[in-house]
Amino acid sequence: MAGIPIFHTVRQRSTSDCAVACLASFLGRSYEEILIAAALQTPEILHRGMVNTDLISTARQFGVLLRIKLPSIDLEEDSGILGVRVKGAKCEHAVVLSNGLIYDPSTGNVWDAEMYLQNPPKARIVDLLEQED
C-alpha cells in the first residue's frame with residue numbers, strides 16, 4: 001500500500017507570495033499551478049500578494065469553495081488558510097492551520113498552533129479561509 005503525506009508543504013518563494021504557497025499546500029497542488037491560476041485573474045499577484053477574494057476565486061478554479069470564518073476559530077478542530085498579523089509587520093501573513101498545527105510557508109516550519117501564536121514576534125489571528133462543506 002502506498003503511503004500518503006499527512007500534509008503537502010509548499011514554501012513561498014518571494015516576500016509577497018505566502019498566500020500562493022498556502023493555497024498550494026492546502027489544495028495539494030504545486031506552487032506553479034496556483035501561481036498561474038492566480039495570475040490569470042490578477043497579473044500583479046507576486047507584487048501585491050493575494051487577498052481573501054483572490055484566494056477564494058483561485059480555489060474555485062480547482063473546484064474548491066472557500067469561505068471566511070470569523071471570529072471563533074478553534075485551533076484544534078478548524079483547518080484552512082489562517083490570516084495572521086505579526087507584531088511589527090506592515091501587512092498580514094498567511095499560514096496553514098491543520099489538526100492543531102500551523103505550517104509557515106516563509107520558514108517551512110510546522111508549529112503547534114498555540115505556540116506559533118505566542119512565539120515572538122507574537123501573531124494575532126485575523127481570519128480563516130476554510131473549505132465549504
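What is the relative accessible area of Glu-44? The value is 37%, and Glu-44 is therefore classed as partly exposed. The points below concern a predicted model.

1. Glu-44 pairs with Arg-48 in a salt bridge whose closest N and O atoms lie 3.6 Å apart. Arg-48 is partly exposed as well, at 40% relative accessibility.

2. The structure contains 7 salt bridges. One of them links the side chains of Arg-29 and Glu-33, with an N to O distance of 3.2 Å. Arg-29 is partly exposed at 30% relative accessible area, and Glu-33 is partly exposed at 33%.

3. A further salt bridge joins Arg-85 to Glu-92 at 3.8 Å, N to O. Glu-92 has a relative accessible area of 38%, and that of Arg-85 is 29%.

4. The largest nonpolar core comprises 26 residues, and Leu-23, Leu-27, Met-50, Leu-55, Leu-66 and Ile-81 have the most contacts inside it. Helix 1 (18–27), helix 2 (31–41), helix 4 (52–61) and strand 3 (93–98) each contribute at least two residues. Helix 1 is the greatest contributor, with 9 residues.

5. Beyond its neighbours within four places in sequence, Leu-23 contacts several residues, among them Ile-34, Met-50, Leu-55 and Ile-81. A second, separate core has 13 residues, including Ile-73, Leu-97, Ala-123 and Leu-128.

6. Arg-67 lies in strand 1 (residues 66–69) and is partly exposed, at 34% relative accessible area. Apart from neighbours within four places in sequence, its contacts are Leu-128, Leu-129, Glu-130, Glu-132 and Asp-133. The C-alpha atoms of Arg-67 and Asn-52 are 8.9 Å apart, with a sequence separation of 15 residues.

How values were computed: Residues are numbered from 1 along each chain as its sequence is written. This is a predicted model: local features need pLDDT of at least 70, side-chain atom pairs count only at pLDDT 80 or more; totals for chains, interfaces and linings use all residues. Side-chain values use heavy atoms; hydrogens and water are left out. Helices (H or I, at least four residues) and strands (E, at least two) are DSSP runs, numbered from the N terminus. Buried means under 20% relative accessible area, exposed over 50%, partly exposed in between (1.4 Å probe, protein chains only). Contact means heavy atoms within 4.5 Å. A nonpolar core is a set of buried Ala, Val, Leu, Ile, Met, Phe, Trp, Tyr and Cys residues joined through side-chain atoms within 4.5 Å. A salt bridge is a side-chain nitrogen of Lys or Arg within 4 Å of a carboxyl oxygen of Asp or Glu.
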